[in-house]
Amino acid sequence: RPCCEQEARDKAVILAFIDSNPDAFERSNLIAHMTASAWVVNPARDKVLMVYHNIYDSWSWTGGHADGERDLAAVALRELQEETGVSHARMVTLPAGSIYSLEVLTVDGHEKRGKYVGSHLHLNVTYLAVASPEEPIRIKPDENSGVKWVPTEDAIALSTEPWIRERIYRKLIDKLD
């Protein structure tokens, strides 16, 4: 269930795109494609796990492309493990289902592994996950150059992306209450 106007509008965009694009779950769709993220908190929910995303040059949540997988919760957990080494996170079951947040994210053109990737949209589904800060973490050098647990409110200050910081991370933190 959308929690706000942003989620309601983005839900409509995501569902319409999936209905009209059989390749919506493939990054070969150059306009937009499905992605999944994990908002990973400790059991007390006062810390969040962040990665320093090399392409966005900012501290960020974990997540990535569906690459054909339609189980987006599995994608979010796969990306969490790939990007941080955390393998014992558990998804939080919510009253309205397992989806924590929806967002259409703009991606500016950039270079990845020596090739240009044009501007496009990530049709993102976010899941809430809980993990232990005691679990070992590691970076994934081809994607991030830092992984750390931070006080939840610090996630906003660490991001250099104004829209993500104010519209997405603020919403994710507020939903924890």
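1. A search of the whole structure turns up zero disulfides, a disulfide being a pair of cysteine sulfur atoms within 2.5 Å. Keep in mind that this is a predicted model, where local features need pLDDT of at least 70, side-chain atom pairs count only at pLDDT 80 or more, and totals for chains, interfaces and linings use all residues. Residues are numbered from 1 along each chain as its sequence is written, and side-chain values use heavy atoms, with hydrogens and water left out.

2. (Buried means under 20% relative accessible area, exposed over 50%, partly exposed in between, with a 1.4 Å probe and protein chains only.)

3. The largest pocket has a volume of about 980 Å³. Of its 41 lining residues, His53, Tyr56, His65, Val107 and His122 are the closest to the centre. Elements giving two or more residues to this lining include β1 (32–41), β6 (99–107), β9 (120–130) and α4 (162–175). By class, the lining has eleven nonpolar, 18 polar and twelve charged residues.

4. For the terms: on a 1 Å grid over the protein atoms alone, a pocket is an open set of points where a 1.4 Å probe fits, with protein on both sides within 12 Å along at least five of seven lines, and lining residues have an atom within 4 Å of a point. A volume is the space filled by probe spheres set on the points, which are joined across faces, edges and corners. Helices (H or I, at least four residues) and strands (E, at least two) are DSSP runs, numbered from the N terminus. Ala, Val, Leu, Ile, Met, Phe, Trp, Tyr, Cys and Pro count as nonpolar, Asp, Glu, Lys and Arg as charged, and the others, Gly among them, as polar.

5. The second largest pocket holds about 340 Å³ of space. Its lining has 17 residues, and Arg1, Ala96, Ile99, Tyr100 and Lys175 are the closest to its centre. β6 gives the most to this lining, with four residues.

6. Lys175 lies in helix α4 and is partly exposed, at 26% relative accessible area. Which residues does Lys175 touch? Not counting residues up to four places away in sequence, they are Cys3, Glu7, Tyr100 and Ser101, where contact means heavy atoms within 4.5 Å.
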